[in-house]
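This report describes the sheets and the domain interface of a single protein chain. Please keep the sequence and the model open alongside the text.

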Amino acid sequence: MGNCSRSPATQLSSTETRQVEAESQSKDESEVNIDLEHAKQEFEAKYAQSSKQTAKIEDFQLETTIGTGTFGYVVLAKYENRSLALKIMEKHVIVELGQVEHILSEKHILQAINFPFIVTFICAFKDNAHLYLALEFASGGEMFVHFRNMKQLPEDQVQFYASQIVLAFEYLHNLNIIYRNLKVEEILFDADGYLKLTDFGFAKVVQERTYTLCGTPEYLAPEIITGIGHNKSVDYWALGILIYELTVGVTPFQDEDPMRIFTKILQGSFNIPGYFASDIRDLLSKLLQTRPLQRYGNLQNGVDDIKNHPWFSSINWESLLKKRIKAPYIPEPDKHHYETYEEKELIHAETELYPTEFDSF
Ligand SMILES: Nc1ncnc2c1ncn2[C@@H]1O[C@H](COP(=O)(O)OP(=O)(O)OP(=O)(O)O)[C@@H](O)[C@H]1O
């Protein structure tokens, strides 16, 4: 995530979400894959592949740092005349923090997925000190940065964003991938005002349930905290937190002390401001349901319970997927939307001396 601490999210000017044909579409419609069965076959074919040498750092022209994270930083770079985001991770930090499995999983998942609201993988490689992930550059910046000075967003705008997350989760869960990292810092804007999810460092292919404690305290589902095992429904809990945060301006379970945040999450009681309409109240109570077996998204009808909920009744899911709905907010074009970071000199070893496959250290 970005280096900034969390602060309330925000209000945009009164732009409306209008269901109109977007004047321009950044992707050819034929690329948009709505066939979940086909998506699954495509994923399975690519997931197990190992990447041979696909690039080396000398092929990249590094420009500015656009983000920092636990293992390193992300740089805007040029590669074959194209701008991209190069995630540079330090091997020794990954090993010290015991995160080797997570990073390899991030790479395998990213190389195998393809969805309009998720950053596209370009290539991965390594030298003796670093792992590199080259990703499509989401030029609009972090949702967190755009909205941090505002109190809250209009509901129709939150619907526009939340519905893209719903589709991204539908796609990922169909592939048995849990994302586990939803928060405003990991949601980026593309130039067209649509979203791109990034940071698959906690994503995992899980058939049944998994037990690792990971995520951001305010967004953790109760069953992650108690460690009883969790499944994809933790993403729908986090969706509830996101909808609440964007609409109210703060997350529902807050405290300076993470332990007290956990206690509040386990209790599961939160305040919904009186001015909230009944639809959003109802949806939030069904997503922020402490018992996973009763949580929306995890019931017999799966994600359809969420897509068919009255709060989303104005969303045409097909039009959204094809980016035919005009975005309520377009990041200012030709502006650098990322924070300024101190530039580090990348000291890397001769790539040629080392095997370059990313699949092992
Ligand atoms: N594809 C991208 N396009 C534009 N900016 C990006 C992209 N990927 C990452 N960033 C920026 O870099 C930041 C850090 O990236 P990322 O969260 O993937 O790193 P990380 O090391 O996994 O961080 P964390 O500490 O959250 O695990 C993001 O919050 C975002 O601001």
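## Domain interface

A salt bridge is counted here when a side-chain nitrogen of Lys or Arg lies within 4 Å of a carboxyl oxygen of Asp or Glu. By that rule there are 3 salt bridges between domain 1 and domain 2. The side chains of Asp199 and Lys87 form a salt bridge with an N to O distance of 3.5 Å. The model is predicted, with local features needing pLDDT of at least 70 and side-chain atom pairs counting only at pLDDT 80 or more, while totals for chains, interfaces and linings use all residues. Residues are numbered from 1 along each chain as its sequence is written, and side-chain values use heavy atoms, with hydrogens and water left out.

Domain 1 covers 50-139 + 337-361 and domain 2 covers 143-321, the bounds coming from an automatic or database domain assignment. Their C-alpha centres lie 27 Å apart, and the contact (heavy atoms within 4.5 Å) takes 21 residues from domain 1 and 30 residues from domain 2. Between domain 1 and domain 2 about 2100 Å² is buried, 63% of it from carbon and sulfur atoms; buried area is the accessible area (1.4 Å probe) that two parts lose on being put together, summed over both.

An open sheet is built from 5 strands in the order β1-β2-β3-β5-β4, with antiparallel pairing; strands (E, at least two residues) and helices (H or I, at least four) are DSSP runs numbered from the N terminus, and two strands pair if DSSP finds at least two bridges between them. At the edges stand β1 (60-68) and β4 (121-126), each of which pairs on one side only. Neighbouring strands of this sheet are turned by 25 degrees against each other on average, direction ignored.

Strand β4 is joined to the antiparallel β5 (residues 130-136) by 5 bridges, and Lys126 stands opposite Leu131 in β5. Helix α3 (residues 100-112) lies across β3 (82-90), β4 and β5, at about 30 degrees to β5, where axes are lines fitted to C-alpha atoms, for helices over the stretch in contact, and angles run from 0 to 180 degrees between N-to-C directions.

## The three-stranded sheet

A further open sheet has 3 strands in the order β6-β8-β9, paired antiparallel, and its edge strands are β6 (141-142) and β9 (195-197), each pairing on one side only. Strand β8 (residues 187-189) pairs with β9 over 3 bridges, and Phe189 has Leu195 in β9 as its bridge partner. Helix α5 (residues 155-174) packs on this sheet, touching β8 and β9, with its direction at about 40 degrees to that of β9.
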